[in-house]
2 protein chains.
Amino acid sequence: MRELFHPKIEQISLASLLYALGDPVRLEIVRRLAEQGEQPCSSLCCGVPKSTLSHHFKVLREAGVVFSRKEGTQRLNSLRKAELDGRFPGLMDGLLAVIDPAPPRIGATIDLLGGQAGRGREKRSPPHC
Amino acid sequence: MRELFHPKIEQISLASLLYALGDPVRLEIVRRLAEQGEQPCSSLCCGVPKSTLSHHFKVLREAGVVFSRKEGTQRLNSLRKAELDGRFPGLMDGLLAVIDPAPPRIGATIDLLGGQAGRGREKRSPPHC
DNA sequence: TTCAATAGTTCTGTTTTTGCGAATTAAAGA
DNA sequence: TCTTTAATTCGCAAAAACAGAACTATTGAA
């Protein structure tokens, strides 16, 4: 598990940020990180294959949305909220305010799917999660 | 030029909206519609092939971002701002506030490109622009 | 009415992404 | 060292993006 690439916050464009957020799975990840703080990938795996989730985290990381640090055998991800707030004032708060929380199933693992659209591309390279 | 499909505003998801906005060309289109009001596709064609632009407008339209009406030989596009404000309060304003305007070239056609990332998919079908 | 011009769309082929299962790597602990 | 857990990478099939070429619709002459 090698160290991961994190773009400098001033390098990220609004389009690439929105692109990263334009997927229901990734949006749900962001919502949970905002709500629950730092989380390992594994705590969000429900309903999505690991390899796919790894891809989504990579997209989020490369778009500057999340920061990942190694911690033993897992990787802890957190929102780069303060940095994003500095780069795009008000954007994340406005966004988090309108994310409708995925229907909560009491005490259960939550299905990350359910949204209806949003896929995309990137132009960068390194891996993730 | 047949009539176009416009989703009901309550049908659109945040993810699909963000997906549509997650492309530098589309983001620039949105910025200009917000700034200049209703515009034909042709007024935004600079630097992007017609067929590609048509695709981008289709994505925006199907994501509920723009409304298109026929007017003679052209199609006039406008932001569905009020509806979007109703569905996702504050989101578009927050977004428009942080779009950095493409470098203005005085009196010239503006190159729509220049951003660095953001592509995506959709799950719908009908055409556009 | 017929022709030409303009605005957009659709078609088609190429390239890029995505999503997922399978195999792999890394770290931690018996 | 062997196992378990966590996550990445590989490889393939399906989908989408892009852009050029061809097509359709509308307008405005001639």
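Which residue stands opposite B:Ser68 in strand 3 of chain B? That place is taken by B:Asn77. The structure is a predicted model, in which local features need pLDDT of at least 70 and side-chain atom pairs count only at pLDDT 80 or more, while totals for chains, interfaces and linings use all residues. Residues are numbered from 1 along each chain as its sequence is written, chains are lettered from A and ligands numbered from 1 in the order in which they are written, and side-chain values use heavy atoms, with hydrogens and water left out.

Confidence comes next. Here pLDDT is the predictor's confidence in each residue, on a scale from 0 to 100. Chain A has a mean pLDDT of 82, with 77% of its residues at 70 or more. Over residues 105-110 of chain A, though, pLDDT stays under 50, and the model gives this stretch five contacts beyond four places in sequence. Residues 113-127 of chain A are also below 50, and that stretch has 64 contacts in the model beyond near neighbours in sequence. A contact here means heavy atoms within 4.5 Å.

Now to the sheet of chain B. Helices (H or I, at least four residues) and strands (E, at least two) are DSSP runs, numbered from the N terminus, and two strands pair if DSSP finds at least two bridges between them. Chain B has an open sheet of three strands in the order 1-3-2, with antiparallel pairing. Strand 1 (39-40) and strand 2 (66-71) of chain B sit at the edges with a single partner strand each, so one side of each has no neighbour in the sheet. Strand 2 of chain B is joined to strand 3 (residues 74-79) of chain B by six bridges, the two running antiparallel. B:Phe67, for instance, has B:Ser78 in strand 3 of chain B as its bridge partner. These two strands of chain B make a hairpin with two residues between them, and B:Gly72 in the turn has a positive phi of about 60°. Helix 2 of chain B lies across strand 1, strand 2 and strand 3 of chain B, at about 85° to strand 3 of chain B. For such angles, axes are lines fitted to C-alpha atoms (for helices, over the stretch in contact), and the angles run from 0 to 180 degrees between N-to-C directions.

Chain A has its own open sheet, with three strands in the order 1-3-2 and antiparallel pairing. Its edge strands are strand 1 (39-40) and strand 2 (66-71) of chain A, each pairing on one side only. Strand 1 of chain A runs antiparallel to strand 3 (residues 74-79) of chain A, and two bridges join them. In this pair of strands, A:Pro40 stands opposite A:Leu76. Helix 2 (residues 24-36) of chain A packs on the sheet, touching strand 1, strand 2 and strand 3 of chain A, and its direction makes about 85° with that of strand 3 of chain A.

What about the interior? A nonpolar core is a set of buried Ala, Val, Leu, Ile, Met, Phe, Trp, Tyr and Cys residues joined through side-chain atoms within 4.5 Å. Buried means under 20% relative accessible area, exposed means over 50%, and partly exposed lies in between (1.4 Å probe, protein chains only). The largest nonpolar core has 64 residues, and those with the most contacts inside it are A:Leu14, A:Leu21, A:Val65, B:Leu14, B:Leu21 and B:Val65. Leaving aside neighbours within four places in sequence, A:Val65 touches a set of residues including A:Leu17, A:Val30, A:Leu60 and A:Leu84. Helix 1 of chain B is mostly covered, with eight of its eight residues buried; among them are B:Leu14, B:Tyr19 and B:Leu21.

Finally, the charged pairs. A salt bridge is a side-chain nitrogen of Lys or Arg within 4 Å of a carboxyl oxygen of Asp or Glu, and the whole structure has 16 of them over all chains. A:Arg69 forms one with A:Glu38, the closest N and O atoms being 2.6 Å apart. A:Arg69 lies in strand 2 of chain A and A:Glu38 in the loop between helix 2 and strand 1 of chain A, so the pair ties together parts 31 residues apart in sequence. A:Arg69 is partly exposed at 31% relative accessible area, and A:Glu38 is partly exposed at 35%. In chain B, B:Arg32 and B:Glu28 meet in a salt bridge at 2.9 Å, N to O, and both residues are buried.
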